[in-house]
Amino acid sequence: MRFQNVRIFRLNFGNFKHGAALTIPLIGIFVGKGMENDLNLLRHEFGHILQYRKWGFWFFWRHVAKTSLDSAHASRKEHRTHQHTWTEWSANRLAYHFFGSPNDWNFRRFPIAPSGDDIHSKPKFAQNNEEFMSGWVEA
């Protein structure tokens, strides 16, 4: 199975049984069994591929992948919404624009803007979300 010419892998173990997903650029998108038809999830995960394409190998693996995995792990242990982390809302925003601002985008599940200007909503290398948005996401 493919989405936007990216291979989809179905997994049925661990957190993948509970809706987790993972993108490894140049390899594919890994989703739990039954989630391979979740268009919203696939568009979000494709957003991580767009990050890789836009910002490159080193930036993606050094900043995006690490922060995203840390956030996903922390969201299971703390009262934190993974989708509010900068790696996630920026993936959503890139995908939203890539797919032509679809009318059926689920903004609640996959927000395209930060919910605030806190330690998780912006990357450490940016002073604030406005700088990150204009200098990185929209550039």
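Where does arginine 43 lie? Arginine 43 sits in helix 1. The views below come from a predicted model.

**Figure 1. The whole protein has four helices and four strands.** Starting at the N terminus, the elements run β-β-β-β-α-α-α-α. The C-alpha atoms fill a box of roughly 40 × 35 × 30 Å along the principal axes. The radius of gyration is 14 Å, and this agrees with the value near 14 Å for a compact globule of 139 residues. Buried residues account for 44% of the 139 residues. The accessible surface comes to about 8,000 Å². Carbon and sulfur atoms supply 52% of that surface. Now look at the contacts between residues at least 6 apart in sequence. Of these, 50% join residues at least 24 apart.

**Figure 2. Arginine 43 is a buried residue of helix 1.** Its relative accessible area is 5%. Arginine 43 counts as buried because that value is under 20%. Which residues does arginine 43 touch, leaving out those up to four places away in sequence? They are Phe3, Ala95, Phe99, Pro102, Asp104 and Trp105. One of these, Asp104, is also a salt-bridge partner of arginine 43. The closest N and O atoms of this pair are 3.2 Å apart. Is aspartate 104 buried or partly exposed? At 48% relative accessibility, aspartate 104 is partly exposed.

**Figure 3. Arginine 109 and aspartate 38 meet in a salt bridge.** The distance is 2.7 Å, N to O. Arginine 109 is in the loop between helix 3 (86-98) and helix 4 (129-137), while aspartate 38 is in the loop between strand 4 and helix 1, so this pair ties together parts 71 residues apart in sequence. Aspartate 38 is buried, with a relative accessible area of 15%. Arginine 109 is partly exposed, at 32%.

**Figure 4. Glutamate 36 and arginine 10 form another salt bridge.** How many salt bridges does a search of the whole structure find? The search finds five. In the pair shown here, the closest N and O atoms are 3.5 Å apart. The pair links distant parts of the chain, 26 residues apart. Glutamate 36 belongs to the loop between strand 4 (28-32) and helix 1 (39-55), and arginine 10 belongs to strand 2. Glutamate 36 is buried, with a relative accessible area of 10%. Arginine 10 is exposed, at 55% relative accessibility.

**Figure 5. Phenylalanine 16 is buried in a loop between two strands.** The loop runs between strand 2 (6-11) and strand 3 (21-24). Phenylalanine 16 has a relative accessible area of 14%. What does phenylalanine 16 touch, not counting residues up to four places away in sequence? Its contacts are Leu11, Ala21, Leu22, Phe30, Val31 and Gly32. Phenylalanine 16 and lysine 33 are 17 residues apart along the chain. Their C-alpha atoms are separated by 7.5 Å.

**Figure 6. Phe57, Trp58 and Trp61 form a nonpolar patch on the surface.** Together these residues have about 390 Å² of accessible area. Phenylalanine 57 lies in helix 2, which covers residues 57-77. Phenylalanine 57 is partly exposed, at 40% relative accessibility.

**Figure 7. Helix 4 has buried residues along one face.** Which residues of helix 4 are buried? They are Asn129, Phe132, Met133 and Val137. Seen down the axis of helix 4, these buried residues fall within an arc of 100°, so they line one face of the helix. On the other side of helix 4, Glu130 and Ser134 are exposed. What covers the buried residues of helix 4? The cover includes helix 1 and helix 3.

Note on methods: Residues are numbered from 1 along each chain as its sequence is written. This is a predicted model: local features need pLDDT of at least 70, side-chain atom pairs count only at pLDDT 80 or more; totals for chains, interfaces and linings use all residues. Side-chain values use heavy atoms; hydrogens and water are left out. Buried means under 20% relative accessible area, exposed over 50%, partly exposed in between (1.4 Å probe, protein chains only). Contact means heavy atoms within 4.5 Å. Patches are made of residues with over 30% relative accessible area and no salt bridge: like charges are joined within 9 Å, nonpolar side chains (Val, Leu, Ile, Met, Phe, Trp, Tyr) within 5 Å. Accessible areas come from the Shrake-Rupley method with a 1.4 Å probe; for residues, only the protein chains shown count as cover. A salt bridge is a side-chain nitrogen of Lys or Arg within 4 Å of a carboxyl oxygen of Asp or Glu. The radius of gyration is taken over C-alpha atoms; the globule rule is 2.2 Å times the number of residues to the power 0.38. The arc is that of the directions from the helix axis to the C-beta atoms.
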